[in-house]
Each structure stands twice: as C-alpha cells, then as structure tokens.
Amino acid sequence: MCEICLQTPCCSTCPNYDGKTIAKCQICYDNICDDENYAVIDGDYYHMDCLEDSCTLSEVVKLCGGDVFPMD
C-alpha cells in the first residue's frame, strides 16, 4: 500500500502513480488515466463516473449535441 495515497495501486492524483495520463476530466478536472473508464464528447474528456454521478440524462444528451423536448 502506498504511504501517500493509502491505495494499491496508487490513485491517479498520487505523485507515485506510474500509469499513463490521457487528459483532464471536464467535470472534476482530475487526470484521466489509462486504467479508467472515460468518454470523449465533442473533443472533451470525461470520467464515466463523473458523468454518471454529476449529470442527469438530459445534460448528457445536451453534451452530445442533442435536444430534449417535453411531451405534449
């Protein structure tokens, strides 16, 4: 277990992390690393967990360029 982040393996924000950083998440602004699930929407990178935890389905549809309409 890492003495800094207390995880095994180290989390992506730990200075001892030895994985590849892909980009920064547009929601949490943490690094997205090669062992994490992520989405690319319109050239922006997002952790899948951030999208699922921070956005409603309507917000995701809008991020993808779609529209949401009310039922009549």
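## Close-up views of a predicted model

Val-40 is partly exposed, with a relative accessible area of 45%. The model shown in these views is predicted.

View 1. Val-40 sits in strand β3, which spans residues 38-41.

**View 2. A cis peptide bond before Pro-9.** The bond from Thr-8 to Pro-9 is cis. Its omega is near -10°. Pro-9 belongs to the segment before β1, the strand of residues 21-24. Most peptide bonds are trans.

**View 3. Positive phi at Leu-6.** Leu-6 is not a glycine, yet its phi is positive, about 60°. Most residues other than glycine have a negative phi. Leu-6 is placed in the segment before β1. Its relative accessibility is 55%. Exposed means over 50%, so Leu-6 counts as exposed.

**View 4. Positive phi at Tyr-29.** Tyr-29 lies in the loop between β1 and β2, with β2 formed by residues 31-33. Phi of Tyr-29 is positive, near 65°, and Tyr-29 is a residue other than glycine. With 53% relative accessibility, Tyr-29 is over the 50% cut-off and therefore counts as exposed.

Terms used. Residues are numbered from 1 along each chain as its sequence is written. This is a predicted model: local features need pLDDT of at least 70, side-chain atom pairs count only at pLDDT 80 or more; totals for chains, interfaces and linings use all residues. Side-chain values use heavy atoms; hydrogens and water are left out. Helices (H or I, at least four residues) and strands (E, at least two) are DSSP runs, numbered from the N terminus. Buried means under 20% relative accessible area, exposed over 50%, partly exposed in between (1.4 Å probe, protein chains only).
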